[in-house]
Amino acid sequence: MHLMYFTEQPMSAYPEAEGRDFGATALMLSNRFFDPVAGSRLYNEYLEHYRLAEAVGFDGIMLNEHHNAPFCMQAKCNIFASILAAATTRVKLVLLGNPLPLADNPVRLAEELAMIDMVSRGRLVSGFVRGGGQEQLAAGVNPAYNRERFEEAHELIVKAWTEPGPFRWEGAHYQHRVVNPWAVPLQKPHPRVWIPGVLSKETIVWAAKKRYPYIALSTAIDATKKIWELYDSVAAATGYAGGPEYRGYLQRCHVAETEEKALANAQQFMWMQGEFTGLAHPVWSSPSGYFSPSYRTAFVEYAVGRRSNPRGAAFEDQLRDQQIVAGTPKTVIPKLRRLLEETRPSILGFWASDGFVSNEDAKTCIRLLGEEVLPALRDIGKELGLWSPFEANAPVSLRFPEPARSAAARV
Amino acid sequence: MTSTTITWESETVPIAGAALHVARAGAGAPLLVLHHDVGSLERLPFYDALARRFTVLVPSHPGYDKSERPDWLRSVRDVAVLYQWLLAERELTRDPGRVSLLGLGFGGWIAAEMATMAPRAFRRLVLVGAMGLKPERGEIADQALLSYIDYVRRGFADPRVFDRIFGAEPQTSVLEQWDLNREMTFRIAWKPYMYNPTLGRLLGSVATPALVVWGREDRIVPLECGEGYQKALAHARLEVLDGAGHFVELEKPDELAQLVTRFVTEA
């Protein structure tokens, strides 16, 4: 198993009432409510949490980014990946990931990622995402070409990593007369690419066709099983067998010394989902052209208030479906066993705290996970044969059917 | 206005490999009517009124309503070229000075681009609440930030007219079409949003007499853009209609039809 620590880096230090009065805490909620003094404190607390996660035994730190919203104050995952490349020594730096369509220069991203890979001595896992709907607006990027830009930027980055320059790129969305970045990744054939997602079938199919592991972001167990059915069927049609090394899952999981405290803190997972301050705006979260045409009716009705958020569910439902797991180490382990037995992922991210969970409670949670939960899960993983891509020496991709290794080790 | 029923016919014209839907009615000099970014209802009293004096052609823009989406289309100038193609295909521009252009909102931008491409080809140019020019002081409303209903409502001075035409709560099928049209608008007019920074300069070549009409309460495209068109075009007059917003043809169909008819038919 590959066990990762994750936080959204919530920026809860802002006047909540302002968000409620405005009606949404996304995109257009004024950044005059951002408090840089609290921001500076929180960034440093999160850095402390990441180092603690490495110290207590996590295998990886998962990073992401979002824009114009308090639920996530990490605006560039490559920046924290750079910090952690130097501030940690062992953990994989798993970026899930860089929102490719938001980039106007994917070659620049390829360079940044190569630098992170070299500074971290080959610990980079470079995931790619489409970016949220509102982020297309925050970046001024055309939502109607989101998927085309995602696919083209990915092709360009992999080529920049794997083929000697200079070469020329004349694509539909990116044109570069000279592609020849001096820095290239330490890992060969190239750093592993994992693809996270939550809703779009197109992304699952795309990842499976590339033979990239797919990381299901906190979906309900039944929905997760459907994702693996689809992934495995595409894998079979592509000519390989799906299985645990292609399956990742991000689990909201808060542990504390008592059941009561864990449940109370787990309520904070709803903080970014609209129950407390409201995350999504029904229009800004789903600009035309961004979502899959097969969901057009659902999103159109959501946009005018005729149905609830297709992405949302109540706290109690999420507890029941195990989209949120909370308790003492002793009570969460059987629940996580059920998740592993039923969906068989080898990559498991722990989204451990959210919202207003205190610094002390967040650290206690990381410590308890590391000391009590992770060892139990490693045993369960062995028992169930859940070998991670690293343990299984899985290929980087269909195109590069070999594991990623340091260029130093290969020479 | 007479109540004679107008007979509309429609045809599908292949232009640049995509099927363009064109509705047609009436007789007389040809008038190409270009609709808004949200598309158009098939029949409007305003279209009927025009068809009593002109051969009216109302195409659905490529990728809007009943017209097929050309995936490669990238700009409003591309659309303008497709309409030049359509007119040439129908031999309407063989003799200059026959066809007149009437552009509503977003369609006004397309009409203005067409005029710059052929400065003497058209008889008359009518722009109503046209996008296409960058406002100096205000902003063109950003539909990406507004729900389908709120955006269209914003285009009316009188909310009751919206209710009468679309219903207070439009059906989901209507919203889906607005979404498809919005997606197409994003595909061709995302950045800069709803204007062409070079259009103002290019309009200097246009010799065609132009009428610029604006609803005084247009909250989609500010009136200053109407003033901008009047200044940029050599032979333009600006008419501002009270009690109308952006969708002048829906709120003041008779007044607008009379203005257009008089302007296009006068010697």
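The model is predicted: local features need pLDDT of at least 70, side-chain atom pairs count only at pLDDT 80 or more, and totals for chains, interfaces and linings use all residues. Residues are numbered from 1 along each chain as its sequence is written, chains are lettered from A and ligands numbered from 1 in the order in which they are written, and side-chain values use heavy atoms, with hydrogens and water left out.

**Stop 1: the interface**

Select the residues in contact (heavy atoms within 4.5 Å): 25 residues come from chain A and 22 residues from chain B. The two chains bury about 2000 Å² between them, 54% of it on carbon and sulfur atoms; buried area is the accessible area (1.4 Å probe) that two parts lose on being put together, summed over both. In chain A, select A:Ser288, A:Arg296 and A:Arg306, which lose the most area to chain B, together 28% of what that side buries.

Next, display A:Arg296 with B:Asp179, a salt bridge whose closest N and O atoms are 2.4 Å apart. The term denotes a side-chain nitrogen of Lys or Arg within 4 Å of a carboxyl oxygen of Asp or Glu. Three salt bridges are found across this interface.

**Stop 2: helix α5 of chain B**

Select residues 159-166 of chain B, helix α5. Helices (H or I, at least four residues) and strands (E, at least two) are DSSP runs, numbered from the N terminus. The buried residues here (under 20% relative accessible area; exposed is over 50%, partly exposed in between; 1.4 Å probe, protein chains only) are B:Val161, B:Phe162 and B:Phe166. They line one face of the helix, because seen down its axis they fall within an arc of 105°, taken from the directions from the helix axis to the C-beta atoms. These residues pack against α4 (148-154), α6 (172-189) and α9 (248-251) of chain B. On the other side, B:Arg160 and B:Arg164 are exposed.

**Stop 3: salt bridges within the chains**

In chain A, select A:Glu48 and A:Lys363, whose side chains meet in a salt bridge (2.9 Å, N to O). A:Glu48 lies in helix α2 and A:Lys363 in helix α13, 315 residues apart. A:Lys363 is buried, at 12% relative accessible area, and also forms a salt bridge with A:Glu360 (3.5 Å, N to O).

Finally, in chain B, select B:Arg94 and B:Glu91, a salt bridge with closest N and O atoms 3.1 Å apart.
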